[in-house]
Structures are given as C-alpha cells and as structure tokens.
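Open the model in your viewer and keep the selection tool at hand. The stops below say what to pick and what is there.

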Amino acid sequence: MAGIPSIGGIGAAQFQAQYQAATLKLQKDAIDLQGDLALQLIASASVPTGTGQNLDLQI
C-alpha cells in the first residue's frame, strides 16, 4: 500500500494496521462460529445415556 499517500487524513501505515486489525477480527469471529457449530453438531449427534444398551433381538 505504498502507493496510498493518505486516505481520509490517515497515513498508509495506519490504514494498513486498521485493515489488518479488521481482517484478524473477522477471522477470529469465523473461527469462533465454526467452533460453536461443531459443538452443536456433536451435541445433536450424541444419544442419551442408556440408549442402545438393551437390544431386543428376535430371530
């Protein structure tokens, strides 16, 4: 971004720092969302304790 002398009164270095901070926040939010969704998937796939313990098989 060396070609950007000034945007709205801020220098290129400050602009780049703000852009990087916003990008990192979006990445963190995406990772947090993926973790939450993974936990929901695991919880929905689990069965209550005792389920499947007593099978009634007839041949």
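**Pairs along the helix**

Start by selecting Lys25 and Asp29: both belong to helix α1 and sit four residues apart, about one turn of the helix. The model is a predicted one. Show the side chains of Lys25 and Asp29, which form a salt bridge at 3.0 Å, N to O. Colour by accessibility next: Lys25 is exposed, with a relative accessible area of 53%, whereas Asp29 is partly exposed at 35%.

Now select Lys28 and Asp32. Their side chains also meet in a salt bridge, 2.8 Å from N to O. Lys28 and Asp32 are four residues apart in helix α1, so about one helical turn separates them. Asp32 is partly exposed, at a relative accessible area of 36%. The count of salt bridges is two.

Move to Phe15 and Tyr19. Which arrangement do the rings of this aromatic pair adopt? Phe15 and Tyr19 are stacked, with 6.5 Å centre to centre and 25 degrees between the planes. The angle counts as stacked because it falls under 30 degrees. The structure holds one aromatic pair. Phe15 and Tyr19 are four residues apart in helix α1, which spans residues 12-45, so they are separated by about one helical turn. Phe15 is partly exposed, at 24% relative accessibility.

Finally, select the whole protein. It has one helix and zero strands. Of its 59 residues, 2% count as buried.

Note on methods:
Residues numbered from 1 in each chain as written. Predicted model: local features only at pLDDT ≥ 70, side-chain atom pairs only at ≥ 80, totals over all residues. Heavy atoms only, no water. Helix = DSSP H or I, 4+ residues; strand = E, 2+ residues; numbered from the N terminus. Buried < 20%, exposed > 50% of the residue type's maximum accessible area, 1.4 Å probe, protein only. Phe/Tyr/Trp six-rings, centres within 6.5 Å; stacked < 30°, edge-to-face > 60°. Salt bridge = Lys/Arg side-chain N within 4 Å of Asp/Glu carboxyl O.
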